[in-house]
Amino acid sequence: MPTTTDARQWLERWDRQQERYIPDREERFAVIADVVEAAAERPNPLVLDLGAGPGSLSLRVLGRIPAAQLVAVDADAALLGLARAACHDRRSLRIVEHDLRAPGWPAALELCRPVDAIVSTTALHWLTEPELAAVYRECFRLLRPGGVLLNSDYLAEPAPALARLQQRVLDGRVARVGTAAHEDWATWWAALAEAPELADLATAGRPRPIDHDVPEPPTHPDHVRLLGAAGFAEVGTVWQVGPERVLVAIR
Ligand SMILES: C[S@@+](CC[C@H](N)C(=O)[O-])C[C@H]1O[C@@H](n2cnc3c(N)ncnc32)[C@H](O)[C@@H]1O
């Protein structure tokens, strides 16, 4: 187990690495926190973070709503190990190792009440359409009436010319913000595997249970359709830069 200081430095390095691809990641987190806060009908909402990785979004939600109860789910033992070490002093953050593609993940969360909000960032594009449909159906069952699901991710348009323009907008934003110079994904993982202070974690996470995106991830209209089919009453985008969106579904 790494020290808290080491884990927090690695988490900070993760955040910079992710900003290489999502220059407005902090703004995206702030928007998610805005919606969770607005939809919460109690001071201590129960919030799930799907594909939480090392816990960046869970920590932002807790920063905004300190009494929230967070449950962070992910299948990657190395990233969850970092989250555990970085956040061991946060009693309101519970970490669950589970693959969202495996039936029964909701039961593994051992929830004692309906969920107020489900959040996810840069994670669900790793699911195929049937897997995503099943996850959305389970989310609908877990949420209380009026509860919200927020999926913030790269949600492209199926129309090719429009998709190219959206990518152009994102590339322009990356260039203006200047995050293209940040460390990339492969370099971060290679450094993790070499770091002596993380030797236990790197072993725990090898081979990683899921490597990367599915070849043809569901598009933006696919997500909207699947959320509607799962039973959500209202579905729409509350924030967008090119293909990067925060999609909200209200139960
Ligand atoms: C790019 S990372 C994003 C992590 C975190 N949400 C963030 O924004 O910092 C994608 C995460 O989704 C997780 N993930 C992808 N597919 C998953 C699945 N089927 N079950 C659980 N976690 C999954 C990966 O393990 C990884 O931690």
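**Exercise 1.** Which Trp residues form one aromatic cluster?

*Solution.* The cluster consists of Trp10, Trp14, Trp126, Trp185, Trp188 and Trp189. Rings of Phe, Tyr and Trp (its six-membered ring) pair if their centres lie within 6.5 Å. This is a predicted model, in which local features need pLDDT of at least 70, side-chain atom pairs count only at pLDDT 80 or more, and totals for chains, interfaces and linings use all residues. Residues are numbered from 1 along each chain as its sequence is written, and side-chain values use heavy atoms, with hydrogens and water left out.

**Exercise 2.** Classify the pair of phenylalanine 140 and phenylalanine 232.

*Solution.* Step 1: the structure holds seven aromatic pairs. Step 2: in this pair the ring centres are 5.3 Å apart and the planes stand at 85 degrees, so the pair is edge-to-face (planes over 60 degrees apart; under 30 is stacked, the rest tilted). Step 3: phenylalanine 140 lies in helix H6 (residues 129-142) and phenylalanine 232 in the loop between helix H10 (220-230) and strand E6 (234-241), 92 residues apart. Helices (H or I, at least four residues) and strands (E, at least two) are DSSP runs, numbered from the N terminus.

**Exercise 3.** Determine whether phenylalanine 232 is buried or exposed.

*Solution.* Its relative accessibility is 5%, so phenylalanine 232 counts as buried (under 20% relative accessible area; exposed is over 50%, partly exposed in between; 1.4 Å probe, protein chains only).

**Exercise 4.** State what lies over the face of phenylalanine 140.

*Solution.* Arginine 251 does, at 4.2 Å from the ring centre. The criterion is NZ of Lys or CZ of Arg within 6 Å of the ring centre and within 35 degrees of the ring normal.
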